[in-house]
Amino acid sequence: MELDGKMLVSISETQKDFNATKKVADEHGVAIIADGAPKYLLFALTDDEGEKLRKELVGNAAKSVMKKYAKAFEELAK
């Protein structure tokens, strides 16, 4: 994905009109929400890249939980 200045939306604009920020994400696959510097990303999950990223993020979160609570899961498995 190539970044474009059209993807950049200010936090104050997002607070005033979230639908406008959503429209940017729909058109470009992502909206970069900034407060001076880029701070948040809003992905359009209907986009193939967004779906791939969502799966990756969910997978990473699951691995993190499994690692953090491995002993508890082992005890529950007994």
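What pattern does the protein follow when it is read along the sequence? The pattern is β-α-α-β-β-α-α. Counted up, that comes to four helices and three strands. Please keep in mind that this is a predicted model.

Next, the overall shape. A compact globule of 78 residues would have a radius of gyration near 12 Å, whereas this protein has 17 Å. Along its principal axes, the C-alpha trace spans about 55 × 25 × 20 Å. Of the 78 residues, 19% are buried. The protein exposes about 6300 Å², and carbon and sulfur atoms supply 56% of that area. As for contacts between residues at least 6 apart in sequence, 25% of them join residues at least 24 apart.

Now two residues, one after the other. Thr21 is in helix H2, which covers residues 18-28. Is Thr21 buried or exposed? Thr21 counts as buried because its relative accessible area is 0%, and the cut-off for buried is under 20%. Leaving aside residues up to four places away in sequence, Thr21 touches Val9, Thr14, Ala31, Ile33 and Leu42.

The second residue is Leu76, in helix H4, residues 70-77. Leu76 has a relative accessible area of 69%, so it counts as exposed; the cut-off there is over 50%. Leu76 and Lys52 are 24 residues apart in sequence, and their C-alpha atoms are 31 Å apart in space.

Last, the charges. The protein has 13 positive and 14 negative charges, and the mean positions of the two groups are 8 Å apart. Side chains of opposite charge can pair when their charged atoms come close. How many salt bridges does the count come to? The count is two.

Lys22 counts as partly exposed because its relative accessibility is 37%. Asp26, at 48%, is partly exposed as well.

The other salt bridge joins the side chains of Lys78 and Glu75, at 3.2 Å from N to O. Lys78 and Glu75 are both exposed.

To recap helix H2: Thr21 there is buried, while Lys22 is partly exposed. That is where I will stop.

Key: Residues are numbered from 1 along each chain as its sequence is written. This is a predicted model: local features need pLDDT of at least 70, side-chain atom pairs count only at pLDDT 80 or more; totals for chains, interfaces and linings use all residues. Side-chain values use heavy atoms; hydrogens and water are left out. Helices (H or I, at least four residues) and strands (E, at least two) are DSSP runs, numbered from the N terminus. The radius of gyration is taken over C-alpha atoms; the globule rule is 2.2 Å times the number of residues to the power 0.38. Buried means under 20% relative accessible area, exposed over 50%, partly exposed in between (1.4 Å probe, protein chains only). Contact means heavy atoms within 4.5 Å. Accessible areas come from the Shrake-Rupley method with a 1.4 Å probe; for residues, only the protein chains shown count as cover. Lys and Arg count as positive and Asp and Glu as negative; His and the chain ends are not counted. The place of a charge is taken as NZ of Lys, CZ of Arg, CG of Asp or CD of Glu. A salt bridge is a side-chain nitrogen of Lys or Arg within 4 Å of a carboxyl oxygen of Asp or Glu.
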